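Biologist: Hi! Could you walk me through this one while I have it open?

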Amino acid sequence: MASKLSTLAWLSAAALAGCGSSPPPKATPPAAAALAPLPPRCDPSAAQNVIGLPIDAAVIEKARAAAGADMARAVRADQVGVQDYRAGRLNLYLDAQRRVARVGCG
């Protein structure tokens, strides 16, 4: 009987100990600065120096790095383009002689 009372006392103490804990703190809302829009990841004005150059891998990389873009692609004048907008992509638009005619992001 003493062991049953001891076990019962131990279980009661364990159950009461669980009731004494405080609830977890509520999540705080993000700061207003975290909700500010991100700056553009592509600046086509910084890549204007490749206009007129014949296209090759080195020109594409030079323009991508100058614009701060995540990726770059060359778009031929006769090429059908897709309309998927990507803020971090630099587009090099080529003329009929495969020279860079203009640059843009998207």
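Modeller: Happy to; we can start with the ground rules and then take your questions. This is a predicted model, where local features need pLDDT of at least 70, side-chain atom pairs count only at pLDDT 80 or more, and totals for chains, interfaces and linings use all residues. Residues are numbered from 1 along each chain as its sequence is written, and side-chain values use heavy atoms, with hydrogens and water left out.

Biologist: Thanks! How many disulfides does the structure hold?

Modeller: One, counting a pair of cysteine sulfur atoms within 2.5 Å as a disulfide. Cys42 and Cys105 form it, with their sulfur atoms 1.8 Å apart. The torsion about the S-S bond is about -70°, so the disulfide is left-handed.

Biologist: And is Cys42 buried or exposed?

Modeller: Cys42 is buried, at 9% relative accessible area, whereas Cys105 is partly exposed at 27%. Buried means under 20% relative accessible area, exposed over 50% and partly exposed in between (1.4 Å probe, protein chains only).

Biologist: Which residues does Ala87 touch?

Modeller: Leaving out residues up to four places away in sequence, Ala87 touches Arg41, Cys42 and Cys105; contact means heavy atoms within 4.5 Å. Ala87 itself is partly exposed, with 35% relative accessibility.

Biologist: Switching topic: what sits over the ring of Tyr93?

Modeller: The charged end of Arg102, 3.9 Å from the ring centre. For that, NZ of Lys or CZ of Arg must be within 6 Å of the ring centre and within 35 degrees of the ring normal.
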